[in-house]
Amino acid sequence: MEATLEVAVTRGSSRYRRGMQYSISQVAKMAGVSARTLRHYDDIGLLTPAAVSSNGYRWYGRHQLRRLQRILLLRELDVPLPQINAILAGDADEASALRRHLALITAERERLDRIAATIIRTVDDLERNDRLADEDFFRGLDEKRANLAATLQERFGSAAGASVEAATSRTARWTRNDYDQAAADGQELYARLSHARHMGIVPISPAALDLIAEHYTAVRAVWPVDAAAYYALADLIENDPAQRDAVAAGDSDLPPWIAAAIRAYATHHLHHVP
């Protein structure tokens, strides 16, 4: 029967503490995972036991338990196993690594808080039934479109400004619910883009560009943007106060990240030549 082993842990020639080693079944029970999962982590080099006895039993010490904790924290954030391996390989300072993981978890909590706040506002809005009048809602949209058209024309010429008129015709028959749904979809996408940024995903990576492909499709649904105009949109997101504030509503550091990803997507996927 497997049992824990008392081992002396040494640093150099001086013994600085005593630690315990745990069997795979004990670790699985403590962590709430299966022994099969721990064997898989060992097979792919993600969590190597402290020792393997002559009878093939795997034994884990406190260092392995801390590493497993970090693995499970990252899995809670939906980080793929290969990426977890790369993240942990670059973390020599465990305390600093855990602080970064805490920042990721805090950011995820804030993202979920924003989603919850949106749901609460929606429920409150529906129950009170005192939303902004539809005619005022569309009047506000007309003002936003006029401002955007003026900004585009000033920055990129009359053709760019005229594209807003084309976008207006595409959404001419939209109802208030259509606009509300588009806004909700946009907020959800920005939340996922923000999550990717918090996870350390670089804007030019395939994972980031997959998300930007969704952004491009959403933009195209309401604005017949070509490769050059989509590339130029990055400048607006970084430098136009209205556009920057819209993107930065839930993440103040998102505008430069998404702008870099848009430029990369327009260059590599839409074959735009800057």
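User: Gln64, buried or exposed?

Analyst: Gln64 counts as buried, because its relative accessibility is 12% and the cut-off for buried is under 20%. This is a predicted model, so the value is computed from predicted coordinates.

User: Which element does Gln64 lie in?

Analyst: Gln64 lies in helix 3, residues 62-76.

User: And what does Gln64 touch?

Analyst: Leaving out residues up to four places away in sequence, Gln64 touches Leu47, Thr48, Pro49 and Ala50.

User: How far is Leu73 from Ile84, C-alpha to C-alpha?

Analyst: The C-alpha atoms of Leu73 and Ile84 are separated by 10.0 Å, and the two residues are 11 apart along the chain.

User: Ile84 is in helix 4. At what angle do helix 3 and helix 4 cross?

Analyst: Roughly 135°, with the axes of helix 3 and helix 4 coming within 10 Å. That makes helix 3 oblique to helix 4. The crossing is right-handed.

User: Which residues make the contact?

Analyst: Helix 3 contributes Arg67, Arg70, Ile71, Leu74 and Arg75. From helix 4 come Leu81, Ile84, Asn85, Ile87 and Leu88. By class, the contact of helix 3 with helix 4 has six nonpolar residues, one polar and three charged.

User: Switching to helix 2. Which residues are buried there?

Analyst: In helix 2, residues 35-43, the buried residues are Leu38, Tyr41 and Asp42.

User: Why do they line one face of the helix?

Analyst: Seen down the axis of helix 2, the buried residues fall within an arc of 100°, so they line one face. As background, an α-helix has 3.6 residues a turn, so residues three or four places apart point the same way.

User: What covers the buried residues of helix 2?

Analyst: The cover includes helix 1 (24-31), strand 4 (58-60), helix 3 and helix 4 (81-89).

User: And which exposed residues are on the face turned away?

Analyst: Arg36 and Asp43 are the exposed residues carried by the face of helix 2 turned away from its buried side.

User: What follows helix 2?

Analyst: Gly45 follows helix 2, and its phi is positive, near 75°.

User: Now helix 1. Which residues are buried?

Analyst: Ile24, Val27 and Ala28 are the buried residues of helix 1. Seen down the axis of helix 1, they fall within an arc of 100°, so they line one face of the helix. The face turned away from that buried side carries the exposed residues Lys29 and Met30.

User: What comes after helix 1?

Analyst: Helix 1 is followed by Gly32, which has a positive phi near 75°.

User: Other end of the chain. How do helix 10 and helix 12 cross?

Analyst: The axes of helix 10 (residues 227-239) and helix 12 (residues 254-268) cross at roughly 170° and come within 8 Å. That makes helix 10 roughly antiparallel to helix 12, since an angle over 145 degrees counts as such. Helix 10 passes helix 12 in a left-handed crossing.

User: Which residues meet there?

Analyst: On helix 10, the residues are Ala227, Tyr230, Tyr231, Leu233, Ala234, Asp235, Ile237 and Glu238. They meet Pro255, Pro256, Ile258, Ala259, Ile262, Arg263, Tyr265, Ala266 and Thr267 in helix 12.

User: How do those residues divide by class?

Analyst: The contact of helix 10 with helix 12 has 13 nonpolar residues, one polar and three charged.

User: What about the phi of His271?

Analyst: The phi of His271 is positive, about 60°, although His271 is not a glycine. His271 lies in the segment after helix 12. With a relative accessible area of 63%, His271 is exposed.

User: Last topic, the whole chain. How many helices and strands?

Analyst: The protein chain has 12 helices and four strands. Of its 274 residues, 32% are buried.

User: And what share of the contacts links residues 24 or more positions apart?

Analyst: Among contacts with a separation of 6 or more, residues 24 or more positions apart account for 57%.

Notes:
Residues numbered from 1 in each chain as written. Predicted model: local features only at pLDDT ≥ 70, side-chain atom pairs only at ≥ 80, totals over all residues. Heavy atoms only, no water. Axes fitted to C-alpha atoms, helices over the stretch in contact; angles between N-to-C directions. Helix = DSSP H or I, 4+ residues; strand = E, 2+ residues; numbered from the N terminus. Parallel < 35°, antiparallel > 145°, perpendicular 65-115°, else oblique. Left-handed = near helix turned anticlockwise from the far one by under 90°. Contact = heavy atoms within 4.5 Å. Nonpolar A, V, L, I, M, F, W, Y, C, P; charged D, E, K, R; others polar. Buried < 20%, exposed > 50% of the residue type's maximum accessible area, 1.4 Å probe, protein only. Arc of directions from axis to C-beta.
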